[in-house]
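Student: I am new to this structure. Please take me through one part of it closely, and then show me how to look at other places in the same way.

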Amino acid sequence: MYYPVARPRRLRSSANMRRLVRENHLRVDDLIYPFFITGGRDVQQPVESMPGVYRFSTDRLLIQLKEVQSLGIPGILLFGIPDSKDAVGSGAYDANGIIQQAVRAIKDKFPELLVITDVCLCEYTDHGHCGIVHEGKVLNDPTLELLARTAVSHAQSGADIIAPSDMMDGRVRAIREALDEHGYADVPIMSYSVKYASAFYGPFREAADSAPQFGDRKTYQMDPPNLREALREVEQDITEGADMVIVKPAMAYMDVIAAVRENFDGPLAAYNVSGEYSMIKAAARLGWIDEQKTTMELLTGLKRAGADIIITYHAPDVVRWLKEDG
Ligand SMILES: [Zn+2]
């Protein structure tokens, strides 16, 4: 008769036994909750492809943030939807732009809440690209100055962390220098260092009204099959002054998260993007999966892969589920 020498099942025998030997945990401290802000007053428009996600006017957002604060979520990430767009995205660096006004209002009411601002031009340009366009090409170097101006205007409004998502080369250094020159040496940069040209952004583009009007973003966002390139992007951003790095999207890129974790000691965020959120919501609505269990399994998987921080639209639900589970 054969008896196993090792019996891993011994440590799975009860809920408390499993708790005792659990290796990774999702915590409220890990979460960042993204929001879409629009102009006007008393606006709360549902994003059809992202159930539970809305575009809020600033006054309505402030009401939401009371709940965010009471749930203990440490930070929010803001995306702006301006009233008007132009070729050079001037709404992005307007001192009275949608984000600048919103940040001032939020920091006035919720000084402790970490306000992270997305820095990019695509929500503000009429062509929907993340940089200045000339003869059908997205120009790198002339875009850097506008990104730096945007970052400084966010810091001037009170943003706690600047998050550039444009994927132009050299933008972290351009933003770091501009922040330092304007007296914001203490404002950290959380760079979207590894951002793939992904199909998982579909619902976000509806939410932020930021789909490119011609072509695609493949000349600046990363090619999905590449992994080693991600490590070069991270190294470059760290050298240029990034304090934290983001891998986006998360679910299809857990190997990338793990590889970045191996090579980089600083804080690493995974962006659980709109398409990942919407897939869970849609399947749960059809009754095909359990929303709570699949969401918790997926997000804990991001922690196991090596992420410290998770940017997710599920954030408030996660906190409620964590509290229920005691
Ligand atoms: Zn962009």
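Tutor: Start with one term: two residues are in contact when heavy atoms of theirs lie within 4.5 Å. Keep in mind that this is a predicted model.

Leu268 is found in strand β11, which covers residues 268-272. Leaving out residues up to four places away in sequence, Leu268 touches Val245, Val247, Ile257, Val260, Arg261, Gly306, Ala307, Asp308 and Ile309. Is Leu268 buried or exposed? Its relative accessible area is 0%, so Leu268 is buried. For a sense of distance, take Leu144, 124 residues away along the chain. The C-alpha atoms of Leu268 and Leu144 are separated by 24 Å.

Thr117 sits in strand β5, residues 114-119. Thr117 has 0% relative accessibility, so Thr117 counts as buried. Setting aside neighbours within four places in sequence, its contacts include Leu77, Leu78, Ile99 and Val103. His154, Ala159, Ile161, Ile162 and Ala163 are also in contact with Thr117.

How many of its eight residues are buried? Eight of the eight are, and β1 is mostly covered. In a regular strand, side chains alternate between the two faces of the sheet. Look for that pattern here. Leu31, Tyr33, Phe35 and Ile37 point one way from β1. Ile32, Pro34, Phe36 and Thr38 point the other way. Residues on both sides are buried.

Next, see which strands β1 pairs with. β1 and strand β4 (residues 75-81) pair in the parallel sense over seven bridges. Three bridges join β1 to strand β3 (residues 54-57), again running parallel. β12 pairs with β1 in the parallel sense too, over two bridges. Phe36 has Phe79 as its bridge partner in β4. Phe36 also stands opposite Arg55 in β3. Ile32 stands opposite Ile311 in β12.

Stay with Phe36. At 1% relative accessibility, Phe36 counts as buried. Its ring matters for the next step. The count of aromatic pairs in the model comes to eleven. One of them is Phe36 with Tyr313, a stacked pair with 6.2 Å centre to centre and 10° between the planes. Why does this pair tie together parts that are 277 residues apart in sequence? Because Phe36 lies in β1 (residues 31-38), while Tyr313 lies in the loop between β12 (309-312) and α11 (315-324). Tyr313 is buried as well, at 3% relative accessibility. Ring pairs also link Phe36 and Tyr313 with Phe79, Tyr192, Phe204, Tyr271 and Tyr277 into a cluster.

One cluster member leads on to a charge. The charged end of Lys195 sits over the ring of Tyr192, 5.4 Å from its centre. That charged end also sits over the ring of Tyr201, 5.9 Å from its centre.

Now move to the metal. Which residues are the protein donors of the zinc ion? They are Cys120, Cys122 and Cys130, each through SG, lying 2.2 to 2.3 Å from the ion. Their spacing in sequence is C-x1-C-x7-C. Cys122 is buried, with a relative accessible area of 6%. Cys130 is buried too, at 0%.

Another site comes from a record. An unreviewed UniProt entry gives Glu233 the annotation "binding site". Glu233 lies in helix α7, residues 228-240. At 14% relative accessibility, Glu233 counts as buried. Not counting residues up to four places away in sequence, Glu233 touches Met167, Ser193 and Met222.

Finish with the backbone. A cis peptide bond joins Lys248 and Pro249, with omega about -5°. Pro249 is in the loop between β10 (244-248) and α8 (254-263). Glu135 is not a glycine, yet has a positive phi of about 50°. Glu135 belongs to the loop between β6 (132-134) and β7 (137-139). Its relative accessible area is 72%, so Glu135 is exposed. Asp209, also not a glycine, has a positive phi near 55°. Asp209 is found in the loop between α6 (202-208) and α7. Asp209 counts as partly exposed, at 42% relative accessibility.

Definitions and conventions: Residues numbered from 1 in each chain as written. Predicted model: local features only at pLDDT ≥ 70, side-chain atom pairs only at ≥ 80, totals over all residues. Heavy atoms only, no water. Helix = DSSP H or I, 4+ residues; strand = E, 2+ residues; numbered from the N terminus. Buried < 20%, exposed > 50% of the residue type's maximum accessible area, 1.4 Å probe, protein only. Phe/Tyr/Trp six-rings, centres within 6.5 Å; stacked < 30°, edge-to-face > 60°. Lys NZ or Arg CZ within 6 Å of the ring centre and 35° of its normal. Pairing = 2+ DSSP bridges. Donors = N, O, S within 2.8 Å, 3.2 Å for Na, K, Ca; no water. UniProt positions renumbered as here; feature names shortened; annotations may be inferred.
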